[in-house]
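Here is a short report for a reader new to this structure. Look at the sequence and the model first, then read on.

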Amino acid sequence: TSYHLEGLYRLQLNQNIAITPGVLVIFNPEHNNANDTIYVGTLRTTFSF
């Protein structure tokens with residue numbers, strides 16, 4: 001069985017800008033135990049006007 005784990009944290013820089021760093025981890029990709037675990041880093045920026 002493949003599992004997907006996601007973690008993120010929202011950091012408000014000022015009234016109009018926020019950044020959200022995160023990490024995704026996929027265990028047993030394609031439901032195959034022989035496949036290596038996949039790690040993906042993300043960085044999201046939100047602008048509000």
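Strands (E, at least two residues) are DSSP runs, numbered from the N terminus. This is a predicted model, in which local features need pLDDT of at least 70, side-chain atom pairs count only at pLDDT 80 or more, and totals for chains, interfaces and linings use all residues. Residues are numbered from 1 along each chain as its sequence is written, and side-chain values use heavy atoms, with hydrogens and water left out.

**Strand 3**

Thr20 sits in strand 3. Phe27 belongs to strand 3 as well, which covers residues 17–27. Buried means under 20% relative accessible area, exposed over 50%, and partly exposed in between (1.4 Å probe, protein chains only). The table applies these classes.

| Residue | Relative accessible area | Class |
|---|---|---|
| Thr20 | 7% | buried |
| Phe27 | 33% | partly exposed |
| Glu30 | 71% | exposed |

What does Thr20 touch, not counting residues up to four places away in sequence? Its partners are Leu8, Tyr9, Arg10, Thr42, Leu43 and Arg44. Contact means heavy atoms within 4.5 Å.

Asn28 lies in the loop between strand 3 and strand 4 (38–47). Glu30 is in the loop between these strands too. Most residues other than glycine have a negative phi. Asn28 is not a glycine, yet its phi is positive, at about 55°. Glu30, also not a glycine, has a positive phi of about 60°.

Methods
Helix = DSSP H or I, 4+ residues; strand = E, 2+ residues; numbered from the N terminus.
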